[in-house]
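Dear colleague,

Please find the structure below, together with its sequence. My notes on the aromatic residues and the pockets follow.

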Amino acid sequence: MSTPRERLITEEDELSVTTKETSNHESDRLDSSNESDIEDKQLIEWIKSRRTIGNLQEPAPTHEQIRAAIDCAVTAPDHKKLRPWRFIISEGEARQQLGQALLEAAEAQAARAGETLSDKTRKKTANLPMRAPVIITVVTKMQEHKKVPPFEQMLSAGSAVQNLLLALMAQGFSSVWRTGLLCNEPAVKDYFDVAADDYVVAFIYTGTSPKPKPGRKPMDIEPLLRFES
């Protein structure tokens with residue numbers, strides 16, 4: 001049986017050990033918190049570094065990398081889980097077929113205006129999809145729903161595109177979000193089997209940029225903000 005003095009020494013030792021453990025745990029938590037803060041800031045700076053890059057070449061994302069990017073795209077806000085978007089990947093000769101659809105659309109547009117395309121414009125239009133090794137076309141697939149109006153579904157598609165751009169960048173690829181006056185012409189919609197009430201919302205040209213990514217000038221966001229309380 002221990003004496004009072006022995007019990008006191010034991011209790012003091014236990015308290016010392018407990019205090020050290022608590023101090024170590026607290027230090028670990030602070031270190032972890034500081035590391036987390038640094039990682040958060042780095043992630044924010046990385047997101048801010050996204051840039052539109054138009055001059056793209058091989059290597060292009062593989063099918064596995066494209067699937068990974070689209071897996072991120074479909075985490076976009078999607079009220080009632082309607083999945084109001086679809087993704088069509090054009091590569092190789094399919095880009096030439098897309099170019100023909102764009103040319104057909106341009107000719108129809110010119111005809112409505114009583115104009116004729118020059119040979120230069122025809123060639124340029126047909127070659128538009130050749131500016132990148134891969135094009136991911138994002139189209140809407142909107143559905144009737146009493147709680148989800150069409151504009152919400154369109155915004156969801158736009159959110160999916162932004163996720164897609166970031167996911168491609170995370171895998172080391174550059175991209176540009178293109179649309180233009182031809183993207184929702186009947187010839188283009190028919191090519192992608194897009195319904196009359198749906199839209200082509202993005203041609204995501206992606207690949208590798210031969211040049212370093214340019215910096216971005218800081219933007220003053222204060223004129224864009226209004227805090228209310």
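Arg-178 sits over the face of Tyr-205, 5.0 Å from the ring centre. Lys-189 is placed over the face of Tyr-199, at 5.1 Å from the ring centre. A charge counts as lying over a ring if NZ of Lys or CZ of Arg is within 6 Å of the ring centre and within 35 degrees of the ring normal.

Please note that this is a predicted model, in which local features need pLDDT of at least 70 and side-chain atom pairs count only at pLDDT 80 or more, while totals for chains, interfaces and linings use all residues. Residues are numbered from 1 along each chain as its sequence is written, and side-chain values use heavy atoms, with hydrogens and water left out.

Three aromatic pairs are present in the structure. Rings of Phe, Tyr and Trp (its six-membered ring) pair if their centres lie within 6.5 Å; planes under 30 degrees apart count as stacked, over 60 as edge-to-face and the rest as tilted. Trp-85 and Phe-87 make a tilted pair, with 6.3 Å from centre to centre and 40° between the planes. Both Trp-85 and Phe-87 are buried (under 20% relative accessible area with a 1.4 Å probe, protein chains only; exposed is over 50% and partly exposed in between).

Phe-192 and Phe-203 have ring centres 6.2 Å apart and planes at 45°, so this pair is also tilted. Because Phe-192 belongs to helix α6 (residues 186-192) and Phe-203 to strand β4, the pair ties together parts 11 residues apart in sequence. Helices (H or I, at least four residues) and strands (E, at least two) are DSSP runs, numbered from the N terminus. Phe-192 is buried, at 8% relative accessible area, and Phe-203 is buried at 4%. Together with Tyr-191, Phe-192 and Phe-203 form one aromatic cluster.

A pocket is an open set of points on a 1 Å grid over the protein atoms alone, where a 1.4 Å probe fits, with protein on both sides within 12 Å along at least five of seven lines; lining residues have an atom within 4 Å of a point. Of the 19 lining residues, Thr-125, Leu-128, Gly-180, Leu-181 and Leu-182 are the closest to the centre of the largest pocket. Elements giving two or more residues to this lining are α3 (94-112), α4 (119-126) and β4 (200-207).

The second largest pocket has a volume of about 220 Å³. Its lining consists of Glu-45, Ile-47, Lys-48, Arg-216, Lys-217, Pro-218 and Met-219.

With kind regards

Definitions and conventions
Points joined across faces, edges and corners; volume = space filled by probe spheres on them.
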